[in-house]
Amino acid sequence: MLMIQTFLLKYKEAFGDTAPLPIAFGYSDVPAAEVKKIPRCVIGSIRKVCNGESLTLSKENVLCGGSLYTAFAPMQERIPVFVSETEHYKQTPQQVKEYIEDLDIRTTKKPYLNFTRMDRISSLDGIEGILFFAVPDILSGLCSWAFYDNNDENAVTAKFASGCCSIVTFAARENRRNGRSCFIGLLDPSARPLIPANELSFVIPTCRFREMVHTMENSALFRKAYSIVRKRIGGEIA
């Protein structure tokens, strides 16, 4: 609990009070909220967690293709053709199949996937990742922080993915590997109308977050260059 509270204090110091608080997400045997019907894509419902109300997903309320990326169900047969021939996100259905196979998604044994604003959790136990909804100036700071102690070319990546894949699937896979990559997402045009026009997602898998929380204060977030960016985030300068 103390680590989370300390991080949130530093987060507000780094990005200001106008930045949306990050969201913790993970699988559980216990729902964090009532399992409600999800209209359309789950991304809009996830974004609302920034307002404070938790969200619980399950195989009962994720009825779109996201049931695959949230690890509640195998790939629906229609997905490869839909992604290729309807959405034109990949040239052929076979490309879609190959891409999904490489994701190595493993169906969860837990019935619920909870999203809770980080100031409302007491532990990182069971958490897959920390999700930030970020405008470019905040994204700059998050990337600078992630690059601080990691020279790997995949320290921060932006990959082809649906919105829920870029948030959940990549984090879960990275945790299995005990990896050190962070992920920029919500580049999917289908998800874009469900979030503010100037935001992308940034996800830190929990295995990586446990490292990064100790480097935050020494990173560029608390140095002169980013202090100017911080003032713009807060509206102090144009």
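User: Which side chain does Glu199 meet in a salt bridge?

Analyst: A salt bridge is a side-chain nitrogen of Lys or Arg within 4 Å of a carboxyl oxygen of Asp or Glu. Here the side chain of Glu199 meets that of Arg47, at 2.9 Å from N to O. This pair links distant parts of the chain, 152 residues apart: Glu199 is in the loop between β6 (182-185) and β7 (200-205), and Arg47 is in helix α2 (residues 43-47). Helices (H or I, at least four residues) and strands (E, at least two) are DSSP runs, numbered from the N terminus.

Before we go on: this is a predicted model, where local features need pLDDT of at least 70 and side-chain atom pairs count only at pLDDT 80 or more, while totals for chains, interfaces and linings use all residues. Residues are numbered from 1 along each chain as its sequence is written, and side-chain values use heavy atoms, with hydrogens and water left out.

User: Are Glu199 and Arg47 buried or exposed?

Analyst: Buried means under 20% relative accessible area, exposed over 50%, and partly exposed in between (1.4 Å probe, protein chains only). Both Glu199 and Arg47 are buried.

User: What about Lys10: which residue does it form a salt bridge with?

Analyst: Lys10 pairs with Glu13, their closest N and O atoms being 3.4 Å apart. Both sit in helix α1 (residues 2-15), three residues apart, about one turn of the helix. Glu13 has a relative accessible area of 43%, so it counts as partly exposed.

User: How many salt bridges are there in the whole structure?

Analyst: A search finds 14. Some join up: Asp149, Arg180, Arg208 and Glu211 are linked in a network.
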